[in-house]
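Q: I would like to go through this structure with you. Shall we begin?

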Amino acid sequence: MNISGHRASGMPSAIYALSVGAFGIGTTEFVIMGLLLNVAHDFNVSVTLAAYSITAYAFGVVIGAPLITPFLSKYKKKPALICLMIIFTIGNLWCGISDSITSLIIARVITAFAHASFFGISSVYASELAPPDKRASAVSAVFLGATLANIMGVPLGTWIGQLFGWRYTFFMVAIIGMFSALSVVLLVPNRKSENEKILKITDELKVVANPNVLRSLLITALGFSGVFSAFTYIAPMLKDVTNINEKFTPPILVLFGVGMVAGNYIGGKLTDKGTRKALVITLSFLIAVLCLFPILMLNIATACIAIFLLGMAMFSTIPPLQVQALDSTEKSKSIVSSFNIAAF
């Protein structure tokens, strides 16, 4: 098969190669939630302090978007994506050998540098490689890797962390990072994105300061922030509120991943039919789920339903929010896309 050719589904093979990187990033981003109690116990710190490893990752995503993406815009997308996966792999190895919570927090920041730029560049590239009527589906196909991470990568990583120690989970993710780099080498075409101009930092800030761009970033930040407020402490909530044994956390997290796959598909299809309508539907659904979440977490049956619905609502919003950001500017779409990932 020609690497730049299209599969029977109408999607280029390169898009699915990009989703491998999304799988690794999705795993390392979310698996720490299921291991929060293990990290706190190992370093003999509070769960609240251990949770700064989650905050640190978010901080790395936010500062990585304006720092890394403009630098990489000087190069073709293929070597840029490989470079990002190398950073990602090194960061996860550092997490695994960390001897203190401080070291882990720093490692999480470094790991997250790859996050916004990889998703930002991949989203733009995928939308350019796909047929015009499948742009949103192409973006959701890239994010499919992140959804699959929550079905396979996160539960497996949580199980490995509980069985052998949380450090081995990050070693596993580092291996995924190396495999992702190899997938990019073999399947992603080596060319620059269409209509992409290299901007100076001042020009970049002007693009982001555009009212349409700022509006799309604000909608993403406000619309999505409640998801992480709920999901960050999912393991402590299952233990202390739902009152279930920690060993059942990994299989319950599979439900979150299944919900994400369903939501990712629904969000992509809705967005192909109209971005604005898709935003109204998906964000309304997310609001409803978050309002019901505290009540549903009170017993195990409804908690399983809540976690599935949270995953579905969460990822149904991503395709319309990301396409809205891409449509908010004609200049430097990779930078705007990366800033939108930071807004997430």
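Q: Where is the kink in α10 centred?
A: The model is predicted, with local features needing pLDDT of at least 70 and side-chain atom pairs counting only at pLDDT 80 or more, while totals for chains, interfaces and linings use all residues. Residues are numbered from 1 along each chain as its sequence is written, and side-chain values use heavy atoms, leaving out hydrogens and water. The kink in α10 is centred on Phe224 and amounts to about 35°, the bend being the angle between axes fitted to the seven residues ending there and the seven starting there.

Q: Which residues of α10 are buried?
A: Among them are Gly223, Phe224, Val227 and Phe228 (buried means under 20% relative accessible area with a 1.4 Å probe, protein chains only).

Q: What about the largest pocket; how much space lies in it?
A: About 490 Å³. A pocket is an open set of points on a 1 Å grid over the protein atoms alone, with protein on both sides within 12 Å along at least five of seven lines; lining residues have an atom within 4 Å of a point. Of its 27 lining residues, the closest to the centre are Glu29, Tyr57, Ala58, Phe228 and Phe344.

Q: Which element gives the most to that lining?
A: α4 does, with 6 residues. α10 is also one of the elements that give two or more.

Q: How many cavities of 30 Å³ or more are found?
A: The search finds 1, a cavity being a set of points where a 1.4 Å probe fits but cannot get out. The largest cavity has a volume of about 40 Å³, and its lining includes Gly34, Gln162 and Glu246.

Definitions and conventions:
Grid points are joined across faces, edges and corners, and a volume is the space filled by probe spheres set on the points. Helices (H or I, at least four residues) and strands (E, at least two) are DSSP runs, numbered from the N terminus. Buried means under 20% relative accessible area, exposed over 50%, partly exposed in between (1.4 Å probe, protein chains only).
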